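Please walk through this structure with me, one element at a time. We begin inside one chain and end where the chains meet.

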2 protein chains.
Amino acid sequence: MTSEGALLNRIRKAVLSDGGRRAGCVRLGIGDDAAILKPGRGRELILSSDFLIEGVHFLPADPPNAIGYKALARAVSDLAAMGAAPIGFLLNLAMPPARTGAWLNKFLGGLDHAARKFRISLIGGDLAKNSKADICVVVLGDAPSGRAIRRSGARPGDLIYVSGKLGAARLGLAISLKRFDKRRDARSLLTPHLYPSPRLELGSWLASRRAATAMMDISDGLSIDLARLCEASRTGAVIYADCIPAVRIREAWRRRLHLSPASALDFALNGGDDYELVFTVPERRVKELKRAPSGVRLTCIGEVTRKREVLLVNSTGQESPLQIHGWDHFRRE
Amino acid sequence: MTSEGALLNRIRKAVLSDGGRRAGCVRLGIGDDAAILKPGRGRELILSSDFLIEGVHFLPADPPNAIGYKALARAVSDLAAMGAAPIGFLLNLAMPPARTGAWLNKFLGGLDHAARKFRISLIGGDLAKNSKADICVVVLGDAPSGRAIRRSGARPGDLIYVSGKLGAARLGLAISLKRFDKRRDARSLLTPHLYPSPRLELGSWLASRRAATAMMDISDGLSIDLARLCEASRTGAVIYADCIPAVRIREAWRRRLHLSPASALDFALNGGDDYELVFTVPERRVKELKRAPSGVRLTCIGEVTRKREVLLVNSTGQESPLQIHGWDHFRRE
């Protein structure tokens, strides 16, 4: 067996790759030139991919277990954003030979953790040598035909909702960057940054009931992602600062991290990496949200408007264009 | 619009992204969180992905047009290897901001050339900033249910065929590495290295007729890829050096490149990057190969055997284990 073959075998053994509960869809999994898939009757396939690049999305010293988990969680969040159920994923992993030992084992441990949590099975991918670890995860899911929720369906008058709390991942990143990540009281604050939980159950619930007109996940920050949703829908939006479910930053952490009282809102609007959902709901359907899957808070933060601009109303009632500071790989600083 | 959004728009305009002739399968293409696909009745989906990493699969000075073309051609070859027809692809492109100008335009030109040639439409992907250009292309195709050809179906007694000439890409690479690529008489010799032609028509013909028991593409070199096919099929093989359709290296080039007369066979066995097909055919089906799509030479190079080893018979009739020197990213040198 070749070294690459041996490596592939280690990966297959370490990560859920039996087709899982969706084995019926996966006619052929990992190990051939390609995977073979057959979606169920009346269902469509949903396909997306996401990079996790060393030096950009994560730092060399980040825990490899969290890198493995997050590589898959990020991509799975795109399935949640369409309201799709996970089936399988391709792992494309380029890395230095020096990382094929303990680092890889921990990386695969985190990846397997995510695969079992989201019930998604490794069905293929590619391995390559590289000067650093660059990962590209491809996810495949399915949804009832015609029910997947796009970005483009928002209509003026729809209410805008977000799930969970926003800015928590950015707070975790700040703690990590300032090297407070070994503190015992930092542990739970790091979780949203290292081990995000894509909203699969909520997304698929909204899709199956056609309750939302448009949806996407908040991966680059609410400010930029809401602007993208509005652009795709050819609408605008007005959101209210006081309504935004921003992470709570305790006084002690604010001092430690040299943050201002405004940081929580800034993190919520521009932090990114939250993997919560932002979605729009016609007013007459709002009462149905009470029956949404439990365990995730839903907050109305504003309304879709006709005029194609995104406005933020601050605590004193003043309205101004929402500044976009979310994550943009190619913005000129 | 964000800079990333502007870049995305440029890519959409530069590359075939209208769903092409398979628009019926592509319910939603590029621009949302994910693509939506619906395979036709009685068809299965085929999914694969391939890296093209700067400094590993290509060099910084390589022509960006060829890099774009090859990134897609490599991945499409995995569809050919299953006998699938192309539908759509995801472009994952990580690159330095400095490459977003002329370099990107040329890269996209090559990518579009390949997309039109193989009739495959851009349906999504991911963009990221990076210290160099790393590309991961995901391809999706389809095949009649149950007809895709796997690596694992070879049976003792089956004859082993390869398409085209082997080693031509390796010769092109040698010319390029020795900086002879600007010579007028090098031009046609560089084509197999820079602009390979995956055998889509042949692959899909073999699949639709169930004429081959096992198949894969020769991307890492015949020696390593045939060993992989045999391993998946739990068989061995014997191949004949004199039968292998090796690239012809003219005397003048042999001198220029300091090659020995044995180099042609070495390139054919171990060169890689050929993107020809190797497949196995039961003896009673061999006569049907006469009706295979024209324009591609098919050569019988040996036979599948029960004993799990791959043997090479040389010109003098001596048999010895085939040395594996094909491309393995993680081989210890």
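Start with strand β10 (residues 276-281) of chain A. This strand is largely enclosed by the rest of the structure, because 6 of its 6 residues are buried. The model is a predicted one. Which residues point one way from β10(A), and which the other way? A:Glu276, A:Val278 and A:Thr280 take one side. A:Leu277, A:Phe279 and A:Val281 take the other, and all are buried.

Strand β7 (residues 159-163) of chain A runs antiparallel to β10(A), joined by 4 bridges. Here A:Val162 stands opposite A:Val278. Strand β8 (residues 214-218) of chain A is also antiparallel to β10(A), with 5 bridges. In β10(A), A:Leu277 has A:Asp217 opposite.

Turn next to a helix. Helix α4 (residues 168-177) of chain A is mostly covered, with 7 of its 10 residues buried. Among them are A:Leu171, A:Ala174 and A:Ile175. A:Gly172 and A:Ser176 are buried as well. What do the buried residues of α4(A) pack against? Their partners are α5 (187-194), α8 (251-256) and α9 (263-270) of chain A. After α4(A) comes A:Arg179, with a positive phi near 65°.

Most residues other than glycine have a negative phi. A:His258 is another residue to check: it is not a glycine, yet its phi is positive, about 55°. A:His258 sits in the loop between α8 and α9 of chain A. Is A:His258 buried or exposed? Its relative accessibility is 66%, so A:His258 counts as exposed. Because its relative accessibility is 19%, B:Asp273 counts as buried; the cut-off for buried is under 20%.

Charged pairs come next. Over all chains, the count is 40 salt bridges. One of them joins A:Glu54 to A:Arg99, with the closest N and O atoms 2.9 Å apart. The two residues lie in distant parts of the chain, 45 residues apart. A:Glu54 is in the loop between β3 and α2 (64-82) of chain A. A:Arg99 is in the loop between β4 (85-95) and α3 (102-117) of chain A. Both A:Glu54 and A:Arg99 are buried.

Two pairs in chain B have other surroundings. B:Asp185 and B:Arg183 form a salt bridge at 2.9 Å, N to O. B:Asp185 has a relative accessible area of 37%, so it counts as partly exposed. B:Arg183, at 33%, is partly exposed too. B:Lys307 and B:Glu309 also meet in a salt bridge, at 3.5 Å, N to O. Here B:Lys307 is exposed, with a relative accessible area of 59%. B:Glu309 is partly exposed at 30%. Salt bridges can also share partners: A:Asp50, A:Lys70, A:Arg74 and A:Asp273 are joined into one network in this way.

Finally, the interface. How many residues of chain B are in contact with chain A? The number is 70, and they touch 70 residues of chain A. The two chains bury about 5600 Å² between them, 56% of it on carbon and sulfur atoms. B:Asp33, B:Leu47 and B:Phe330 supply 15% of the area that chain B buries against chain A, more than any other three residues.

Polar links cross this interface too. Between the chains, 32 residue pairs are in polar contact. Strand β3 (residues 43-53) of chain B gives the largest share of the side that touches chain A, 10 residues. That side of chain B divides into 33 nonpolar, 15 polar and 22 charged residues. The rule finds 6 salt bridges across the interface. One salt bridge links B:Glu44 with A:Arg27, their closest N and O atoms being 3.3 Å apart.

Strands pair between the chains as well. Strand β3 (residues 43-53) of chain A and strand β2 (residues 35-37) of chain B are antiparallel, over 3 bridges. In this pairing, B:Leu37 of β2(B) is the bridge partner of A:Leu45.

Technical notes:
Residues numbered from 1 in each chain as written. Chains lettered and ligands numbered in written order. Predicted model: local features only at pLDDT ≥ 70, side-chain atom pairs only at ≥ 80, totals over all residues. Heavy atoms only, no water. Contact = heavy atoms within 4.5 Å. Buried area = accessible area lost by both parts, 1.4 Å probe. Salt bridge = Lys/Arg side-chain N within 4 Å of Asp/Glu carboxyl O. Polar contact = N/O pair within 3.5 Å; in protein donor to acceptor, adjacent residues only side chain to side chain. Nonpolar A, V, L, I, M, F, W, Y, C, P; charged D, E, K, R; others polar. Pairing = 2+ DSSP bridges. Buried < 20%, exposed > 50% of the residue type's maximum accessible area, 1.4 Å probe, protein only.
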